[in-house]
Amino acid sequence: MPTPPAQIVVAEDQADIRDLIVMNLRQAGHEVLAFADGTAALASQAERQSDLMVLDLMMPGLDGLEVTKALRARGRATPILMLTARSTELDRVLGLELGADDYLTKPFSMAELLARVKALLRRAALLRAAQNAGPGSSTPLRNGELEIQPARREVHVAGRLLDLTALEFDLLHHFAAHPGQVYSRSQLLDSVWGYTHDGYEHTVTTHINRLRNKVETDPMAPRFILTVRGAGYKMRDPPR
């Protein structure tokens with residue numbers, strides 16, 4: 001049986017940009033629901049959860065940040081790609097801290113948007129497959145109280161199951177598979193996100209902060225994901 005097309009919600013109040021995004025997503029084989037404001041986009045998730053949402057930061061009614069915050073408050077892990085015309089770092093970081101998975105700053109190319117969409121859908125599909133699978137044969141990764149089950153895409157700390165997004169899992173798994181190795185933000189963008197683009201390194205910083213809030217007992221004094229000043233980040237070496 002063929003895989004049904006992914007359903008993607010596009011919420012953008014500028015009609016020309018919205019129409020262009022919708023056209024390209026449909027040409028890529030996706031089912032698309034288009035809205036001109038955040039209120040309608042959020043209402044569309046009441047009955048069926050979409051596979052991905054592309055949200056403009058600034059919209060009438062509810063803006064992209066408010067829609068993201070509302071969905072995450074409901075426990076929805078729907079991948080969210082935020083579009084912003086703003087150039088300030090604060091706006092980008094705020095969107096990621098509220099639960100967006102990635103962002104693009106206008107103007108952007110359709111090829112770049114489609115690449116981001118493809119990466120987010122792939123991670124979401126891996127997460128769903130792992131949740132539906134039985135115990136796998138992949139060897140767990142352990143680092144003290146931290147245990148990662150790659151086949152099930154589950155993470156436990158001191159026996160407690162963590163609620164991670166697909167991207168947070170991929171980032172943690174990458175660190176845990178290479179303990180002690182230091183990665184710059186651009187290297188992590190390339191290895192985990194699947195792209196390298198100047199100006200998007202803060203995506204990494206924000207996701208690491210979110211990950212620390214879930215993994216670490218004290219995020220301000222991390223034990224697992226360590227900062228290497230002037231170089232990047234690393235997973236600690238497993239205790240002997």
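1. In this predicted model, helix H7 (residues 185-193) meets helix H8 (residues 201-215), with axes that come within 8 Å and cross at roughly 80°. Because angles of 65 to 115 degrees count as roughly perpendicular, H7 is roughly perpendicular to H8.

2. The residues that make this contact are, on the H7 side, Arg185, Ser186, Leu188, Leu189 and Trp193. H8 contributes Glu201, His202, Thr203, Val204, Thr205, His207 and Ile208. Sorted by class, the contact of H7 with H8 holds five nonpolar, five polar and two charged residues.

3. Which rings pair, and in what geometry? The count comes to one aromatic pair, formed by Phe175 and Tyr183. Their ring centres are 6.4 Å apart and the planes lie at 70° to each other. The pair counts as edge-to-face because the angle is over 60 degrees.

4. Are the two partners buried or exposed? Phe175 has a relative accessible area of 0% and Tyr183 one of 7%. Both residues are therefore buried, the cut-off being under 20%.

5. As to the whole protein, the secondary structure consists of eight helices and 11 strands. Of its 240 residues, 47% count as buried. The accessible surface comes to about 11,800 Å², and carbon and sulfur atoms account for 53% of that surface.

6. Regarding sequence separation, contacts between residues at least 6 apart in sequence were considered. Of these, 58% join residues at least 24 apart.

How values were computed: Residues are numbered from 1 along each chain as its sequence is written. This is a predicted model: local features need pLDDT of at least 70, side-chain atom pairs count only at pLDDT 80 or more; totals for chains, interfaces and linings use all residues. Side-chain values use heavy atoms; hydrogens and water are left out. Helices (H or I, at least four residues) and strands (E, at least two) are DSSP runs, numbered from the N terminus. Buried means under 20% relative accessible area, exposed over 50%, partly exposed in between (1.4 Å probe, protein chains only). Contact means heavy atoms within 4.5 Å. Accessible areas come from the Shrake-Rupley method with a 1.4 Å probe; for residues, only the protein chains shown count as cover. Axes are lines fitted to C-alpha atoms, for helices over the stretch in contact, and angles run from 0 to 180 degrees between N-to-C directions. Angles under 35 degrees count as roughly parallel, over 145 as roughly antiparallel, 65 to 115 as roughly perpendicular and the rest as oblique. Ala, Val, Leu, Ile, Met, Phe, Trp, Tyr, Cys and Pro count as nonpolar, Asp, Glu, Lys and Arg as charged, and the others, Gly among them, as polar. Rings of Phe, Tyr and Trp (its six-membered ring) pair if their centres lie within 6.5 Å; planes under 30 degrees apart count as stacked, over 60 as edge-to-face and the rest as tilted.
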